[in-house]
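Dear colleague,

Please find below the structure that I am handing over to you.

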Amino acid sequence: MKDQTRILVVDDEGVIREGIRRILENGGYEVDVTSSGNLAIEKLQEEDFDVVITDLKMPGMSGMEVLKAIRILQPDVPVIIITGYSTVDTAVEAMKNGAFDYQSKPFTPDQIVGKVEKALEQRAVLLENFYLKKELRDRHGFDDFVGDSKAMQKVYRRIIQVAPTDSTVLITGESGTGKELVARAVHRNSPRKDQPFVAVDCTSLAESLLESELFGHVKGSFTGAMQTKTGLFKVADGGTLFLDEVSNISLTTQAKLLRVLQEREVVPIGGTKPEPIDIRLIAATNRGLKDLVAEGKFREDLFFRLNIIPIDMPPLRERQGDLPTLVGYFLQKFASEMGKEIRGLSPGAMALLERYSFPGNVRELENIIERAVVLAAGDLIEDDDLELQLSAAEEQEMGEGYVPLTADELKEAKRHLREQAVAPVERAFVLNALKRNEWNVTKAAEEVGMLRPNFQAMLKKQGISVREHMTN
């Protein structure tokens, strides 16, 4: 309700300050005003506000400093920056530091009211996500998940909706997105949570072995069946069976799986007596089952049986805002495990990650950060420590068509372009030195006037292996 909405206006110009007050009070909002950043911070330490509007250029504490303080004191409060035309670039920079929006002077009453309404809408979403995440952690134990993006919030909601039921769930998504984490979260929040959770990787077993694993077999039913084996459908009885990469199951096994799901009973290979089962089935795939159905590679009736409740895991490139959180999580995890003091990533390294497409998604990011922690020589991870293999498109983005937005990005772009230009010369330099010295690294380093470790580092950077050359 507007009568419960409190807005703080910070501006050293009385005319602007009082003008905004009148506009917003006429709109039904409760407005408090202050003439300086210092006074604003004092108010924010004692009172709660729903929106803060602050001028950017003020004597003493600037609007940028007010913004940074609010991000600590009341991080869920949206901040609108008021600025003159000459400081619009600075206002955009403020938005990168967490401001909700900016408004240039002069402005109309409708513009100010419109900005406030949008800010309040955003705050409502942020609060909803905050309480949802708190509920997930406190009540549902989703500590394995890292990220609060809209795409992940949708996943969290779907898990909460489906977990209490016995409905079959189909989890889709690219490799490395965390499909098994979702399956375990559904099980952990279901009435079956105290019963077994059995995971089967359908790509890791040959066809004959997969059938035996799933349905079991009786002694002597086939060559090598030295004893009776209980199938995983029976092992998971009362609990949850998770079939990962279900698209890899053959049509023959698909038919048997469909029959098990329809009849809720399983017959072991070589057996004659059906055994009743009580399981909740969760399946996952990184391939489009609809396309496989159209190609005749997946049974349509089984697809409909599995696709009762779909959950789609977003790729990392679509999880807007989650990358810094994930990087921080993995950095802390691996630095702690390895006993290294790593305080973060250099601006260049972070800029490089932000432009990377992550074909392997979160799993790939985890591996990248683990490797970088191992390789880091100091307390900051540099871009070379990441050892990213950029695609042609990503290389192009760093090339002619790429325009940096910040000083850090400009610095990184210049470094990258220098490396691209120097790399061929550097490679020819070390190869020629090695050839002249019969591939003796020590002699080659001495001849060119380099320390041996530095020469070896250049070899490693260029991917040149003396051992492989000597072997070949």
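A salt bridge is counted here when a side-chain nitrogen of Lys or Arg lies within 4 Å of a carboxyl oxygen of Asp or Glu. Please keep in mind that this is a predicted model, in which local features need pLDDT of at least 70 and side-chain atom pairs count only at pLDDT 80 or more, while totals for chains, interfaces and linings use all residues. Residues are numbered from 1 along each chain as its sequence is written, and side-chain values use heavy atoms, with hydrogens and water left out.

The structure holds 21 salt bridges. One of them joins Arg 317 to Glu 174, with the closest N and O atoms 2.4 Å apart. This pair links distant parts of the chain, 143 residues apart, since Arg 317 sits in the loop between strand S14 (309–312) and helix H13 (323–338), and Glu 174 in the loop between strand S6 (169–172) and helix H7 (179–188); helices (H or I, at least four residues) and strands (E, at least two) are DSSP runs, numbered from the N terminus. Arg 317 counts as partly exposed because its relative accessibility is 46%, where buried means under 20% relative accessible area, exposed over 50%, and partly exposed in between (1.4 Å probe, protein chains only).

Another salt bridge connects Asp 278 with Arg 192, the closest N and O atoms being 2.7 Å apart. Because Asp 278 lies in the loop between strand S12 (275–276) and strand S13 (280–285), and Arg 192 in the loop between H7 and strand S7 (197–201), the pair ties together parts that are 86 residues apart in sequence. Asp 278 is partly exposed at 40% relative accessible area, whereas Arg 192, at 7%, is buried. There is also a network of salt bridges, which links Arg 6, Glu 30, Asp 32, Lys 43 and Glu 47.

Turning to the aromatic rings, those of Phe, Tyr and Trp (its six-membered ring) pair if their centres lie within 6.5 Å, and planes under 30 degrees apart count as stacked, over 60 as edge-to-face and the rest as tilted. By this rule there are 7 aromatic pairs. Among them, Phe 145 and Tyr 156 are edge-to-face, because their planes stand at 75 degrees, with the ring centres 5.6 Å apart. Both Phe 145 and Tyr 156 are buried. Tyr 329 and Phe 330 also form an edge-to-face pair, at 5.4 Å centre to centre and 65 degrees between the planes, and ring pairs link Tyr 329, Phe 330 and Phe 334 into a cluster.

With kind regards
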